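Here is a short note on one helix and a few backbone angles. Please read it with the model open.

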Amino acid sequence: MSPRTIPSQSAPPARPAALTAVTALAAVVAAAVLVLRYALRPPLPVDEFALFSAAVAALGVFVFDRLLRVVLTSDHATALRENSIDLLLIVAAAAAAIIVSLRGEDFWPVLALSLLYVIITQAGLLASWTIRRLGQGRASPAATLVTIFLAAIVAGAGLLMLPAATGEKSRFFFSDALFTAASAFCDVGLVVKDTGVDFTPLGQGVILVLVQGGGLTMMFFATLLVMRVIAPQRVAGSRDLRRLGASVVLVALALEALGVVLLYPMFAARQGAHLPTEGQALWDSIYCSVCAFCNAGFSTYRDNLTAGVAEGWQQPLRSHWQVPGVIAPLAVLGGLGLPVLLDLGRWVRGGLRGKLAMHSQLVIAVSVLLLIGGACGLLLIQRADTAGQSVGRHAGFNTAGASESDWNTLTPPQRLAYSVFESATARTGGLTVLNVSQLSDAGKFWLCGMMTIGGSPGGTAGGMKTVTLAVLLAAAWGYLRRRDDRAVLDGAAAPLLSAALLAAIFFVLLIVATTILLCMVQPKGQLFIDLLFEACSACTSTGLSAGLTGPSTGINESGKLILTAAMIAGRIGLLTILLRRIGATQKPEPLAIA
């Protein structure tokens with residue numbers, strides 16, 4: 001018998017398809033039980049015993065599935081090792097349930113945590129199944145991306161409509177929930193409700209999960225496109241895709257965890273009407289870190305990072321060193337893209353010896369130039385005598401947090417520091433230290449240009465991408481010098497220039513169409529620059545607002561639907577087109593721009 005035949009004889013049998021379906025159904029039942037038990041106000045549509053029975057049944061299916069994984073294999077030691085965490089948690093949950101019952105205490109917290117674990121594990125299995133199908137070529141990356149985004153947005157909107165997510169005093173409509181869910185999963189940050197006031201901790205948690213899920217999903221598919229273009233041999237099958245997915249999760253969580261540790265002292269030291277608790281400071285730190293890395297402009301404070309300016313705090317949030325020292329770097333790192341982050345990690349581990357990949361060098365060079373150029377441009381354009389010309393035209397998110405003519409109150413060093421911060425986050429970061437509605441029209445238009453450029457391929461940022469700008473500028477420079485495009489673009493003029501033009505035209509047309517539609521549906525009196533600014537922010541997944549969106553602002557229902565569609569189209573439209581092209585041709589091109 002040859003060595004090749006031995007593994008096939010001892011390989012564990014496949015799990016029955018029926019059991020897989022039943023386990024997935026158990027996760028659905030677990031989610032329904034949690035919604036009925038914790039998200040609805042009494043009286044509940046079902047009695048307590050029925051909920052308890054459904055919860056026990058769902059947990060029973062999960063336990064049976066894990067035990068069957070061990071029984072069906074001939075290598076019990078390996079199976080026990082692979083399922084050790086699940087089995088230990090099952091024993092711990094059973095022990096906790098027994099102790100709680102003997103004490104006569106409420107057993108629902110134990111059940112709820114157990115059901116939540118069932119949901120998380122099944123979500124992980126679903127992600128693994130999807131990646132396996134992508135690696136086997138049985139699923140289209142473009143269709144999978146669109147399906148994930150639409151399903152997540154609709155499910156998120158449904159969760160945000162639950163009474164437990166909005167509280168008793170909040171008046172919430174489906175258009176508001178849909179807008180918020182789309183803004184969160186697309187990592188935009190535009191809001192029509194106050195995140196910290198109109199949502200309960202459950203609702204805020206739903207938004208945070210959507211932001212994190214959207215950021216990870218975008219990084220995975222964008223990196224998949226980049227790697228299939230610049231290194232197709234490294235992304236060949238299911239194992240490579242699983243490794244890519246693990247890299248996305250580990251890098252994101254590691255950087256966000258570091259951000260939480262560094263941001264905690266800032267939120268713990270804030271001074272408002274009520275002193276923060278340790279739990280609230282930790283929650284704010286997690287929220288800010290995740291939103292910064294995912295380039296989403298959500299904040300638990302109505303005034304974003306300008307909180308404390310109008311309230312007379314001794315030290316407003318934007319005056320802490322963590323704002324330029326932690327939040328801005330997180331946004332930049334998230335926008336650089338996973339291929340660049342992995343390349344930088346390899347370079348650092350190698351003692352800063354060797355060279356970065358051409359893609360990394362280009363991305364970093366353009367990002368640095370845009371960071372410096374964007375800050376200098378804002379400083380030159382935003383003169384003190386014109387900074388406050390739009391004050392008071394809108395009241396809402398990012399408009400009510402700073403005193404009138406906020407720019408005029410800043411010292412020259414503060415203007416320099418805040419201009420650098422805005423230059424970093426305007427390219428789809430969304431978090432702001434300036435009252436954007438108070439900027440001059442020229443200043444807003446400058447930020448529109450920064451938003452349209454966006455971040456880099458393979459990251460959480462949106463926009464037409466830094467590489468697109470580099471390719472277009474290189475082609476224009478070669479044309480002016482009457483040089484062959486191939487010499488300028490390193491022998492790859494045709495595919496690069498075509499993709500760059502596609503990206504630029506796509507976003508220009510999307511922004512123009514969105515602006516025109518907003519002009520048609522919004523009441524007269526809205527300033528054109530504010531409508532254009534909002535359209536750019538939505539289409540490029542930025543999240544900055546000139547005052548059109550936000551709590552208690554003048555955007556109507558039609559405007560909400562237009563911006564919702566613009567956020568989704570801007571987030572996945574170009575990437576879907578490029579994924580379809582790569583999937584159809586299977587011919588690697590020299591560089592990706594999505």
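1. Basis. This is a predicted model: local features need pLDDT of at least 70, side-chain atom pairs count only at pLDDT 80 or more, and totals for chains, interfaces and linings use all residues. Residues are numbered from 1 along each chain as its sequence is written, and side-chain values use heavy atoms, with hydrogens and water left out.

2. Length of α9. Helices are DSSP runs (H or I, at least four residues), numbered from the N terminus. Helix α9 covers residues 174–185, which is 12 residues. The expected span is 1.5 Å times one less than the number of residues. That gives 16 Å for α9, and its end C-alpha atoms are 16 Å apart, so the two agree.

3. Burial of α9. Buried means under 20% relative accessible area, exposed over 50%, partly exposed in between (1.4 Å probe, protein chains only). Of the 12 residues of α9, 11 are buried, so the helix is largely enclosed by the rest of the structure. Among them are D176, L178, F179 and F185.

4. After α9. D187 follows the helix, and its phi is positive, near 55°. Most residues other than glycine have a negative phi.

5. N304. Phi of N304 is also positive, near 55°. N304 sits in the loop between α12 (278–293) and α13 (322–336). Its relative accessible area is 0%, so N304 is buried.

6. S541. Here phi is near 60°, again a positive value in a residue other than glycine. The loop holding S541 runs between α22 (528–539) and α23 (557–585). S541 counts as buried, at 1% relative accessibility.

How values were computed: Helix = DSSP H or I, 4+ residues; strand = E, 2+ residues; numbered from the N terminus.
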